[in-house]
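Below is a short report on one protein chain.

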Amino acid sequence: MGSSCILSILLLTSFINLGFSADYTSLVYKGCADQKFQDPTGDYSRSLENLLDTLTSRSSSTKFYKATSGQGQSAITGLFQCRGDLSSNDCNNCVKRTPDVSRRLCGNAIAVRVQLGGCYLRYEASGFRQVSATELLFKICGSTQASGSGFQDRLDAALGEIGKGVGSSGNGFYTGGYQSVYVLGQCEGDLASGDCADCVKAASQRAKSECPASISAQIYLQQCYVSYTYYPNGVPPRSLSSSGSGGPNTQKTVAIVLGGTVGVGLVIAVLSVVRSALNKKGRPKYTGDY
C-alpha cells in the first residue's frame with residue numbers, strides 16, 4: 001500500500017452523557033475503514049492479534065503506549081491512551097475491552113479507531129499519510145445555549161488555562177475550573193510540551209467557533225482534545241447522573257482522514273470534566289495527575 005494513500009472514514013457515532021456517571025467502558029464512537037485486509041496467508045491477522053495483545057498487556061502499567069507488529073506489507077501500527085485521571089486498574093479494564101469492540105464493529109477493516117469513555121484504541125496498516133495535528137476530527141456541541149452576560153469571558157479564561165496547564169503538568173493532561181466553567185484537556189502521550197500547548201489552544205478556538213454559545217462542548221483534533229461544561233446556576237446536586245449540557249447535538253458526524261505515520265492518533269474520549277475539577281474544589285487552579 002503506497003504511503004500516499006489517504007483513507008476517508010465516516011465516524012458512526014454513539015453518544016453518552018457528558019456527566020461523569022457514564023461508564024468509562026461505554027462506546028463513544030467508532031471509525032472503521034471501508035477497505036478490508038486481503039489476508040490469504042493470515043499474516044495480517046497474526047500481526048493484529050500480536051499488536052492487540054501487546055497493547056492490552058501494557059495498559060496495566062502505563063496510560064499511553066504505541067507499537068508496531070509484523071513486517072513489510074503486513075505491518076500494523078497501533079496505540080492506546082487512557083484518560084489522565086483513570087487509575088491503572090480502570091485503564092487496563094478499559095483497554096481490554098477495545099479489541100472485542102473493534103472486531104465486532106469493524107471486522108477486518110485495515111484502519112480502526114475506537115473511543116470508549118475512558119480510553120482510546122487506534123490501529124492501521126503501514127503506509128498511511130499523516131494529517132495535521134490540529135485537524136478537526138469530531139465534535140459534540142451541547143444543545144443548551146448560554147444566556148445572559150459574562151459567559152464568553154468566563155469561557156475564555158477557563159479555556160486559556162488549559163494551554164498553560166498541559167505545558168506545566170509534564171504529562172499533557174489538565175483539569176480546571178473558573179467561575180462555574182469546568183475544563184479538561186489532554187494531548188497524545190508523546191507530543192512535546194510546546195506542541196501540546198499549541199494543539200489545545202487550537203482546539204479551544206475551535207470549541208468557540210464550532211459550538212458558539214453552547215454551555216458544553218467536546219472538540220477532538222488529531223493529537224489533542226478539549227472539553228468544557230458551564231453550570232450557570234452552579235453544579236446541580238444531580239450532576240453525577242445527568243448531563244450538564246442538556247443533551248449533546250447528536251446530529252453531527254465528521255468525516256476524518258486517517259493517516260498512518262507511527263504515533264499519530266486521536267486522544268481520549270468523553271472526559272469527566274466535572275469530577276476531576278470537583279475532586280480538587282477549593283484550589284485556585286486544578287491540575288490533573290497521571
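Helix α3 passes helix α4 in a right-handed crossing; a crossing is right-handed if the near helix is turned clockwise from the far one by less than a right angle, and left-handed if anticlockwise. α3 covers residues 151–169 and α4 residues 193–210, and the two pack at an angle of about 160° with their axes 7 Å apart. Axes here are lines fitted to C-alpha atoms, for helices over the stretch in contact, and angles run from 0 to 180 degrees between N-to-C directions. That makes α3 roughly antiparallel to α4, a label for angles over 145 degrees, while angles under 35 count as roughly parallel, 65 to 115 as roughly perpendicular and the rest as oblique. On the α3 side, the residues that meet α4 include L155, L159, I162 and V166; on the α4 side they include C196, A197 and V200. Contact means heavy atoms within 4.5 Å.

This is a predicted model, in which local features need pLDDT of at least 70 and side-chain atom pairs count only at pLDDT 80 or more, while totals for chains, interfaces and linings use all residues. Residues are numbered from 1 along each chain as its sequence is written, and side-chain values use heavy atoms, with hydrogens and water left out. Helices (H or I, at least four residues) and strands (E, at least two) are DSSP runs, numbered from the N terminus.

An open sheet of five strands has the order β7-β10-β11-β9-β8, with antiparallel pairing. β7 and β8 (173–178) are the edge strands, each with a single partner, so one side of each has no neighbour in the sheet. Averaged over the sheet and ignoring direction, neighbouring strands are turned by 10° against each other. Two strands pair if DSSP finds at least two bridges between them; β7 and β10 (residues 216–221) are joined by five and run antiparallel. F138 stands opposite Y220 in β10.

Elsewhere, strand β2 (residues 27–32) pairs with β5 (residues 111–116) in the antiparallel sense, over five bridges. C32 faces V112 of β5 in this pairing. Five of the six residues of β2 are buried, where buried means under 20% relative accessible area, exposed over 50% and partly exposed in between (1.4 Å probe, protein chains only).

β2 and β5 are among the elements that cover the buried residues of helix α2, as are α1 (43–58), β4 (76–82) and β6. Those buried residues include C91, C94, V95, T98, V101 and C106. The 19 residues of α2 (88–106) should span 27 Å at 1.5 Å a residue, and the end C-alpha atoms are 27 Å apart, which agrees; the expected span is 1.5 Å times one less than the number of residues. Just after α2, G107 takes a positive phi of about 55°.

Most residues other than glycine have a negative phi. Q179 has a positive phi near 45°, and S180 has one near 75°. Both Q179 and S180 lie in the loop between β8 and β9 (181–187).

| Residue | Relative accessible area | Class |
|---|---|---|
| S74 | 15% | buried |
| S132 | 39% | partly exposed |
| Q179 | 45% | partly exposed |
| S180 | 24% | partly exposed |

S74 is found in the loop between β3 (64–69) and β4. Leaving aside neighbours within four places in sequence, S74 is in contact with D43, Y44, S47 and S69. S132 is in the loop between β6 (119–125) and β7 (136–141). S132 and L221 are 89 residues apart in sequence and 8.9 Å apart in space, C-alpha to C-alpha.
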